[in-house]
Amino acid sequence: MGKAQVSNPVESLKGKVAGVQMTQVSGRPGESSKIRIRGIGTINASTDPLIVVDGVPYDGDMNTINPDDVESLTVLKDAASAALYGARGANGVVMITTKTGKTGSSSITFDAKWGSNSRAVPDYKYINNAAGYYETWYTALNNYALNTLKYDANNANLWANKNLTADNAFGLGMSVFQTPAGEVLIGTNGKMNPNATMGRVVSNNGQQYYVTADDWVDAMFRNSLRQEYNISAQGANEKGNFMLSFNYLNNEGITFGSGFERYSARLKSEYKIKDWLKVGANVNFAHYANNQSGVGDEGSSGSAGNVFAFVAMAPIYPLYIRDAQGNIMMHEASGTKLYDYGDASINGQKRAYIAQSNPLAANQLDKYKIEGNNFNMQGTVEVRLPLDVTFTSINNAYVDEYRTTSTTNPYFGQYASSNGMVYKYHERYFNYNLQQRLNWAHEFGEHSVALMLGHEYYNQSYAYLYGSKSNQYSPSNDELAGAVLLNSTNSYTREYNNEGYFGRVQYDYNDLYFFDASLRRDASSRFAKENRWGTFYSLGASWVINKEKFFNVDWVDDLKLKVSYGQVGNDNIESLSLGYYHYSTNYDIVNSNGSVSLVPVGRYGNRKITWETTGEFNVGVDFGLFKNRLSGTFEFYSRKTSDMLFNFSLPQSFGYTGYYDNVGDMINNGLELTLNGDIIRTRDFVWSANMNITYNHNYVSYLPDAKKTLTVDGVQGYTNGGYFIGEGEPMYTYYLHKYAGVDHETGEALYYKNVKDENGNVTGQTTTKNSSESDYYLCGTALADVFGGFGTSVSYKGFDFSVDFMYQIGGQIYDNDYASAMSASGKSMRGMALHEDILKAWTPENKNSNIPRLQYGDTYMASQSDRFLTNASYLSLQNINLGYTFPKAWISKLNLSNLRIYAQANNVWVWSKRQGLDPRTSLTAANASYYPGVRTITGGITLTF
């Protein structure tokens, strides 16, 4: 835990545990990764594992848990281990155990770290100079004039220059180059006029302005500060223990206006009041502020409010408004620099790419901030009863209440006419979990038996309140009371309940043979009464072979064979906006000329839906060899999900978007290997290494005939977005056109098309230049063949050094960003960044290129196809740690029991198929309009008194 520079504890699992795969769409401070354990076991239901904190399910924000409070993380992957958690453990369980006071001596520990955040993944290899971009766009226009308009070379050159910087369907909207009178910007050779100079003076409304290309990306990103402080006190004796901690984290974002700040405190204590009565309390409070100005709409590549959408903008546009002498002008009312919104309102120059916006200005003038308070309280009572029976009651309450403030400024942009807008959102989660357990354990000679019976009730309630007003008195007043025109208001509540009864039997003989069985009965409010209850169970056994009398192998220290089978359920198809109850039909209450009216909303109810069930078989071997210098685990698993909860789409005319039903089965078969070893182990020097590797094969094993609506490449199934769901095929199988290369005579893109006989049977393939006429094919899967991590550590006396890697081999990812940067097909592409590879496009002099000709209006040059499927393999350097712990003899005079200084680097680098592509951010498709990954380099000090 201490070797990962993370804001929430689960992030430290990356690359550490076999079978665990993590992706992080956004690198924004306060954002969490998506966790998948042993593949994907469902189509539409949630794949998130259950998080359990100190024995109680936790549905809160992981960023409110201080990683320094955590003692250990344990991942339960097989169904037998997770079965006691019933429905909520279908996708595995991550158990977090927080620190407790340790018997021996009391101590106070202080830890401080300071570091720098920077952008971890570089841009794609875009054409990053203005002259090169103008030349490239000119080529696209010139080819259009030659091939479509049929102009000769001279007239094509004149036409392309005329339209190159025009504010029309062909042009880029403006020019930042000054050319001598009577001369064109681009010559007939396709090169920039050597007499052209960067920067020019323009006039608008009687005033002169200087326009030049700015480096938006350089202005967009910064190196920012990350600082964190922890102080804790702990102690214990024979009667009880306590652990008290305080934490402060300020993690500034690498873009202006973004960052995450947290104050947290935890008190954990246990006390034995009587020999038969022990009580405990575990309380955590966190206050947090999450700034998202300019990044609240991240992921939307065409959004004016998303600063990262402008990473993919051509390097030809001004960021600021400058006077005739080139000085950046100031905006008096706001006190900020005067930014160019590309709408011609000030300097008369219009930007072709997302005009009427400037997210860097919005970072300073607009607000998007979330402030919240998180309170998690757990009370435990343990009563020892006669006959070796123990009763335990664990009661947990959780409140997460947060308020979002969003404003738009009254000066610039598309909302300026509203004179400032303010939005307020208030959301509240209140969850409680009540558990009661009876435990009995007894030894009969060499036989040990343990029984447990329990009951659990869980309730989650959610409340939402929203209001919006416009026409602000002052931008500094970001409350609803500071604006006068009411736009809209709304509020609603949601509730979810789960109740379960469970039992477990454990038996072992002489610490050699172990058997266990569990049974759990669960009810979920997400299903109708007649389908609410589900029954789940598990069976397991293990054999400690090395303790057998007949086993006499000196170099084998531990050898255990284990096998289990379990069945768990999944009901997680909730939607906060549409409600939890998909067995019922929902309506919106709307105003119909002053009367109350109902209109269908969301999904059509289906009372037949019930539990999605996952059965998992697991067999494995744990071993320790050579005096445990080499230890590890090897496991095989087979995981079958039946009656998958699936959302069927409905025609728009039906009034509903779709409905849920239980259809189909899916299987994940896999192998996992974990190894830990000491390569060199002496008194003062230890060199260790570790690795884990997971192979997972996923496929849909059964679909009902009603869902086999389409046959592709001989496989029956149906389409779901850009993917094909078919028997025998893995999830996320791409359903795309196939790229057939380039017509070497014309340079046009070619796509495969089936040739069929009179009966509709496919007899062969041909090619077409029109992708809309080509056929769809199965083009591989996004799922990796293998994934895992490895690392090494060295310690010598007080020095320690470690490095950790994470990797993935196989799978494909659709590179949306690269695809967009390889097209100049029409109006919508004007002003978008172009990749350097487009310079290798087909020309009459380069007929062997596999990249189609660069021509404006060629809508098929970069059609969606398998051309842009890219190998998703990667290797990432996750962590580097270097530290020194001072000898106790040196520090004892300072009344210190421990003093360590250290340096850490996290998310250091990633190697992938293409610069700019980070397959860790998504399982299926790359999207650079999200907050990029962040590299953090820190130094710190730990003192224990």
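Student: In which sense do strand β46 and β50 pair, and over how many bridges?

Tutor: Strands of a sheet pair through backbone hydrogen bonds, either parallel or antiparallel. Here β46 (residues 812-815) and β50 pair in the parallel sense over two bridges. Two strands count as paired if DSSP finds at least two bridges between them. Strands (E, at least two residues) and helices (H or I, at least four) are DSSP runs, numbered from the N terminus. Within this pair, D815 has A926 in β50 as its bridge partner.

Student: What should I know about the model and the numbering?

Tutor: This is a predicted model, in which local features need pLDDT of at least 70 and side-chain atom pairs count only at pLDDT 80 or more, while totals for chains, interfaces and linings use all residues. Residues are numbered from 1 along each chain as its sequence is written, and side-chain values use heavy atoms, with hydrogens and water left out.

Student: What is the strand order of the sheet that holds β46?

Tutor: The order is β47-β46-β50, an open sheet of three strands with mixed pairing. β47 (869-871) and β50 (925-926) are the edge strands, each with a single partner, so one side of each has no neighbour in the sheet.

Student: How does the sheet of five strands read?

Tutor: Its order is β36-β37-β38-β39-β43, also given as an open sheet, and the pairing is antiparallel. The edges are β36 (710-712) and β43 (776-781); each has a single partner strand, so one side of each lacks a neighbour in the sheet. From one strand to the next the twist averages 50°. β36 is joined to β37 (residues 715-720) by three bridges, and T711 has Q716 in β37 as its bridge partner.

Student: What joins β19 to its partner strands?

Tutor: Strand β15 (residues 277-292) runs antiparallel to β19 (residues 367-385), with 15 bridges between them; G280 is partnered by T380 in β19. On to β20 (residues 389-408), where 19 bridges join β19 to this strand, again antiparallel. E382 has T392 in β20 as its bridge partner. The hairpin of β19 and β20 has three residues between the strands, and L387 takes a positive phi near 65°.

Student: How many residues lie between β40 and β41 in their hairpin?

Tutor: There are six, and G747 in the turn has a positive phi of about 80°. Three bridges join β40 (residues 739-742) to β41 (residues 749-756), antiparallel, with Y751 in β41 as the partner of Y739.

Student: At what angle do α2 and α3 pack?

Tutor: Axes are lines fitted to C-alpha atoms, for helices over the stretch in contact, and angles run from 0 to 180 degrees between N-to-C directions. Helix α2 (residues 130-147) and helix α3 (residues 153-164) pack at about 130°, their axes 8 Å apart. The two are therefore oblique: angles under 35 degrees count as roughly parallel, over 145 as roughly antiparallel, 65 to 115 as roughly perpendicular and the rest as oblique.

Student: Which residues of α2 and α3 meet?

Tutor: Contact means heavy atoms within 4.5 Å. Among those meeting are W137 and Y138 in α2, and W159 and A160 in α3.
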